[in-house]
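Let's take a walk through this fold, starting with its covalent links and moving on to strands and helices. Keep the viewer open as you read.

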Amino acid sequence: MTGTGATGWPGLDFPVPAGARSVSIDFTCEGIGHYVVEFGDAMAENTSPISGTCGAPAALAWPVDAKTQPSIAVTVDDGIPWTATPLFSTKEFVRDAAVTADCAAFVDVYSALMNADQGYTQYKAFDAATWTARVAAASSQLAALAAASRSSLKGPLTSMSHTVSTATEPGTAQAGIADDVAQIGAACNANQTPYFLKAEFGG
């Protein structure tokens, strides 16, 4: 399948053959812009869109089951040509167990850091001493997760742990960790084990 520019939602028809249990989509787009590819309905199917940068081909993989919607949605800059070539298989999509475990554990750690910053800066729910205690607890949890990791997340988890351990200014628990979080998110998404944050404050 080929296209130019974004497809919009819900995307284009992308027929799924009977008996398919997984798919690898060779995706290419021109230029150096960002892309996002969603196969089926990620929210309904508890899977993840996969993102990357145009300019080099990438193999993007998803599980397939009875609830998989036969569609593909592509987000790229206006005027950017793209090509998606599927290879369906009767073999099950295999998730890396170590990545799966790290992504699941990361939910509580990153949620704690986010809630500490938001609770202190945006919602005035507690004072600086409570922020410090919350971040210290999350930092210890993150250090343990990084030390125990046996997956491709070990590097960004270790880097993130070092940065968080130096956070002393109330409200800055998430400062300097964006690249590490992006790497962790990309690995979790490619493994089709996306993480979701648990917000303590707000609607």
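A disulfide here is a pair of cysteine sulfur atoms within 2.5 Å. By that test, the structure holds two disulfides. Before we go on, some housekeeping: this is a predicted model, where local features need pLDDT of at least 70, side-chain atom pairs count only at pLDDT 80 or more, and totals for chains, interfaces and linings use all residues. Residues are numbered from 1 along each chain as its sequence is written, and side-chain values use heavy atoms, with hydrogens and water left out.

Take the link between Cys 29 and Cys 54, whose sulfur atoms sit 1.9 Å apart. Its S-S torsion is about -100°, so this disulfide is left-handed. The pair links distant parts of the chain, with Cys 29 in strand β3 and Cys 54 in the loop between β5 and β6, 25 residues apart. Those element names come from DSSP runs, numbered from the N terminus: helices are H or I with at least four residues, strands are E with at least two. Are these two cysteines buried or exposed? With a 1.4 Å probe and protein chains only, buried means under 20% relative accessible area, exposed means over 50%, and partly exposed is in between. Cys 29 has 7% relative accessibility, so it counts as buried. Cys 54 is buried as well, with a relative accessible area of 7%.

The other disulfide joins Cys 103 to Cys 188, with an S to S distance of 2.0 Å. The link of Cys 103 and Cys 188 is left-handed, with -105° about the S-S bond. It ties together distant parts of the chain: Cys 103 belongs to helix α2 (residues 97–121) and Cys 188 to helix α5 (residues 178–190), 85 residues apart. Cys 103 is buried at a relative accessible area of 2%, and Cys 188 is buried at 0%. If you number the bonded cysteines in sequence order, the pairing reads 1-2, 3-4.

Now go back to β3, the strand that carries Cys 29. Two strands pair if DSSP finds at least two bridges between them. Strand β3 (residues 22–29) runs antiparallel to strand β6 (residues 58–63), and six bridges join them. One place to look is Ser 22, whose bridge partner in β6 is Pro 63. β3 is also joined to strand β8 (residues 81–89), by eight bridges and again in the antiparallel sense. There, Asp 26 stands opposite Thr 85 of β8. When you inspect these strands, keep a general point in mind: in a regular strand the side chains alternate between the two faces of the sheet.

Next comes an open sheet of four strands, in the order β2-β7-β4-β5, with antiparallel pairing. Which strands form its edges? They are β2 (12–13) and β5 (50–53), each of which pairs on one side only. Let's cross the sheet from the β2 side. β2 and strand β7 (residues 71–75) are antiparallel and share two bridges, with Asp 13 partnered by Ser 71 in β7. Finally, strand β4 (residues 34–39) pairs with β5 over four bridges in the antiparallel sense, and Tyr 35 is bridged to Gly 52 in β5.

That leaves the helices. Two packed helices are described by the angle between their axes and the distance between the axes. The axes are lines fitted to C-alpha atoms, for helices over the stretch in contact, and angles run from 0 to 180 degrees between N-to-C directions. For α2 and α5, the axes come within 10 Å and cross at roughly 135°. Angles under 35 degrees count as roughly parallel, over 145 as roughly antiparallel, 65 to 115 as roughly perpendicular and the rest as oblique. α2 and α5 are therefore oblique to each other. Contact means heavy atoms within 4.5 Å, and here it is made by Val 99, Cys 103, Phe 106 and Tyr 110 of α2 with Val 181, Ile 184, Ala 187 and Cys 188 of α5.

The contact involves Pro 156, Leu 157, Ser 159 and Met 160 of α4, and Asp 180, Val 181, Gln 183 and Ile 184 of α5.
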